[in-house]
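Have the viewer open as you read.

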Number of protein chains: 2
Amino acid sequence: MLATLLYSPGDVRCEEIAEPTIEKPTDAIVRLSASCICGSDLWPYRGLQDIESPQHMGHEYCGIVVEVGSAVRTVRPGQFVVGSFCLSDNTCPHCRFGFQSSCEQREFMKGAQAPLARVPLADGTLVATDELPSDDLIPSLLATSDVLGTGWYAADAAGVQEGSTAVVVGDGAVGLMGVLAARQMGAGRIIAMSRHKSRQDLALEFGATDIISERGDEGVARIKELTKGVGADSVLECVGTEQSMQQAMNCARPGGKIGFVGVPHGVQFDGQTLFFQQKSLLGGPAPVRRFLPHLMDLVLDRTINPGKVFDLEVPLADVAEGYRAMDERRAIKTLLRL
Amino acid sequence: MLATLLYSPGDVRCEEIAEPTIEKPTDAIVRLSASCICGSDLWPYRGLQDIESPQHMGHEYCGIVVEVGSAVRTVRPGQFVVGSFCLSDNTCPHCRFGFQSSCEQREFMKGAQAPLARVPLADGTLVATDELPSDDLIPSLLATSDVLGTGWYAADAAGVQEGSTAVVVGDGAVGLMGVLAARQMGAGRIIAMSRHKSRQDLALEFGATDIISERGDEGVARIKELTKGVGADSVLECVGTEQSMQQAMNCARPGGKIGFVGVPHGVQFDGQTLFFQQKSLLGGPAPVRRFLPHLMDLVLDRTINPGKVFDLEVPLADVAEGYRAMDERRAIKTLLRL
């Protein structure tokens, strides 16, 4: 089959490889209905993260189970499933506390930018639907696997609740999903920080009540202005740079919560500053499995349409163009037709 | 009157100064029933924090109101009051969110190691009792002003709840109060990290279920052993050093919460480590005013006896010995008889 391999920064290729097979009794093989490129795939693509060359790319997935290992009990061939990008047993204490992304057996999914994928820890990772979903729901179901689940976790970690004022730092796909999540959680005001028209429009469609195009001190000043000088209850940090984290810290009110889901690159926090700013911090890889059944329900009953975040669709053979478009910010998120 | 002045590191003196007077219409003058020395007074005493020489010391206080400014409405002369070490208006948005220690008008109390003190923002800061309390309750009421309120905030920020497993890092007065707070909040297991017999005994008396004398990696290993490899739900960091913060981070389970109330000195957090450890952080100067009415009730109905944390009592004239005893860790906390 064709699959996506990253050889070195900027050098992503679609090449013929062997189809995956069951390696452990807890594995499942899934024929993917669609795949996509994640913002986090750009870190190694840009040379900002080490790779094993060639690296099998892709960790967002949904599709039909074609085979399961002998120990798998909860899914069977023929079922439509979605799984988290974090593979988990869903039974260890961390999983039971809802932090499946810190599962004692945690692995990260790979190789999902291809028509078939091996999913380890299938019982703990995959969630099946009752019936096969209609085709038009595939992009949104695919989104629950990571990008929506991650935006949702940002809002959850930032303590968004009925009536909250939430600020979303970052207008990438995760930030836009954070807007959608904050809306679903009942935030009264959702301020999206974005300076790109197409992303601003999508943020408004997903539920943003205000758009701020300023950044840095000016951005903070605008947030203060919009919140009567108080600052936001909740800030969703969806980038991971020093600048965006600083932005997030300065936008939250004292006692406010920051949920950070952009993998921090070059970010340091000074203890005494954190102390006197008195802001709550929780981040990490999203425990998508915790949210997955609920998010899938919201998609299946058409309450939400996160699939709109895909603004470019290419066949798998053109995956390199999909990466380039996201790298150059011509696309928010690329869907791969398999 | 006699008052406590810090001239330079190690040089604390009890000297005659003018009695305080009403300076603003929102002030009150309080005749203190007792005063005490705080662990945080040792930072400037040890030369680890700049001082204005001479610095008027003391920020924990309770006593009888003797005079109020023309704008004060909620307390009157003759009433017994306790106030937080953080002065707040208790009406600004931050106060209304329960973060009075980040009040828009915040000031820090000073000059309370003396028989009389001026308390700015009296309406927002002071809480009066219905009747004059009996003398034996004074130490415990004094404790609510800072040391208990701070330990309580550590437990609150660490999310302690019914059945939680809590670890308390630091066996100073604040840590011991953290044990008491965790107990009151219903923690099922309270693990105090202490290697000093007298402090271990007090921790047990305040509600600790386990004592660990190991530190560093060994301490973490013991916590893991006691929690079946999981780590603690809640960690109260009550010291403020790099080592103690590291200890706190490593003792919490993924998704666990760390409440840190020791003013960080030389502490840095790496963003990516924080991300992958997936632990929640909230610290800061304690918003004691939020908890004060409840804590005073618990003392007045004799549910708790935080005054036991005072293990040395000296007359104000001997305040220098009180500082020395705490600096040399001969005393946990010194009460000053006025």
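## What you're looking at

This is a predicted model, where local features need pLDDT of at least 70, side-chain atom pairs count only at pLDDT 80 or more, and totals for chains, interfaces and linings use all residues. Residues are numbered from 1 along each chain as its sequence is written, while chains are lettered from A and ligands numbered from 1 in the order in which they are written.

Now for the confidence scores. For the complex, the predictor gives an ipTM of 0.94 and a pTM of 0.96.

## How the two chains meet

Chain A superposes on chain B by a rotation of 180° with 0.0 Å of shift along the axis, at an RMSD of 0.0 Å; that is the relation of a two-fold axis.

How many residues are involved in the contact between chain A and chain B? There are 30 from chain A and 30 from chain B, with contact meaning that C-beta atoms, placed from the backbone, lie within 7 Å. Elements giving two or more residues to the chain A side include helix 2 (93–96), strand 15 (252–260) and helix 10 (271–277). Helix 10 of chain A gives the most, with five residues. Helices (H or I, at least four residues) and strands (E, at least two) are DSSP runs, numbered from the N terminus.

Strand 16 of chain A also runs antiparallel to strand 16 (residues 268–270) of chain B, joined by three bridges. One pairing there puts Q268(A) with D270(B). Strands count as paired if DSSP finds at least two bridges between them.

## A three-stranded sheet

In chain A, three strands make an open antiparallel sheet in the order 2-1-4. Strand 2 (11–16) and strand 4 (55–56) of chain A are at the edges with a single partner strand each, so one side of each has no neighbour in the sheet. Strand 1 (residues 2–8) of chain A meets strand 4 of chain A over two bridges, and L6(A) has Q55(A) as its bridge partner.

## Covered elements

Which parts are buried? A residue is buried if 20 or more other C-beta atoms, placed from the backbone, lie within 10 Å of its own, exposed if 12 or fewer, and partly exposed in between. In helix 5 (residues 147–157) of chain A, 11 of the 11 residues are buried, so the helix is largely enclosed by the rest of the structure. W152(A) and Y153(A) are among them. Over in chain B, four of the five residues of strand 12 (residues 189–193) are buried, and this strand pairs in parallel with strand 11 (residues 165–169) of chain B over five bridges.

S53(A) and P54(A) are joined by a cis peptide bond, with omega about -5°; P54(A) sits in the loop between helix 1 (42–45) and strand 4 of chain A. Chain B has a cis bond between S53(B) and P54(B), also with omega about -5°.

K228(A) is not a glycine, yet its phi is positive, near 55°. It is exposed, with 8 other C-beta atoms within 10 Å. R302(B) has a positive phi of about 60° and is exposed too, with 10 other C-beta atoms within 10 Å.

Key
Contact = placed C-beta atoms within 7 Å. Least-squares fit on C-alpha atoms with pLDDT ≥ 70 in both.
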